[in-house]
Amino acid sequence: MLGIVAAVLFFFAFFINAADIGTNDVFSSTNVMLLGLTALALHVAGIGAGWASRSQR
C-alpha cells in the first residue's frame, strides 16, 4: 500500500516540477518527493504491508 502512495507522491512531485507550478514551501516538488521516498522506504522495510497471519502447526 505504501508503494502505491509513494508512486502517487512521485507523480505529484514530477507534475509540480514539470508544470512549473508555484506553490508555497510546504508543497514544493522537493518536499513531495521526500515524502514519497519516506513512504517507499517504509514499504521496503515491510511497514504498511498488511496484516501477517501466523500459522500454528
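This is a predicted model: local features need pLDDT of at least 70, side-chain atom pairs count only at pLDDT 80 or more; totals for chains, interfaces and linings use all residues.
The secondary structure of the protein chain consists of 2 helices and 0 strands.

**Helix packing**

- The crossing of α1 and α2 is left-handed.
- On the α1 side, the contact is made by Leu2, Gly3, Val5, Ala6, Leu9, Phe10, Phe12, Ala13, Ile16 and Asn17.
- On the α2 side, the contact is made by Ser29, Val32, Met33, Leu35, Gly36, Leu37, Ala39, Leu40, Leu42 and His43.
- Sorted by class, this contact of α1 with α2 has 15 nonpolar residues, 5 polar residues and no charged residues.

**Phenylalanine 10**

- Phenylalanine 10 lies in helix α1, and with a relative accessibility of 28% it counts as partly exposed.
- When neighbours within four places in sequence are left aside, phenylalanine 10 is in contact with Met33, Gly36, Leu37 and Leu40.
- Between phenylalanine 10 and leucine 34, which are 24 residues apart along the chain, the C-alpha separation is 8.8 Å.

- Threonine 38 belongs to helix α2, and its relative accessibility of 45% places it in the partly exposed class.
- The C-alpha atoms of threonine 38 and leucine 2 are 9.3 Å apart in space, while the two residues are 36 residues apart in sequence.
- Glycine 46 is located in the segment after α2, and it is partly exposed at a relative accessible area of 44%.
- Glycine 46 and leucine 2 are 44 residues apart along the chain, and their C-alpha atoms are separated by 9.4 Å.

**The chain as a whole**

- The protein chain has 57 residues, of which buried residues make up 14%.
- Of the contacts between residues at least 6 apart in sequence, 57% join residues at least 24 apart.

Notes: Residues are numbered from 1 along each chain as its sequence is written. Side-chain values use heavy atoms; hydrogens and water are left out. A crossing is left-handed if the near helix is turned anticlockwise from the far one by less than a right angle, and right-handed if clockwise. Helices (H or I, at least four residues) and strands (E, at least two) are DSSP runs, numbered from the N terminus. Contact means heavy atoms within 4.5 Å. Ala, Val, Leu, Ile, Met, Phe, Trp, Tyr, Cys and Pro count as nonpolar, Asp, Glu, Lys and Arg as charged, and the others, Gly among them, as polar. Buried means under 20% relative accessible area, exposed over 50%, partly exposed in between (1.4 Å probe, protein chains only).
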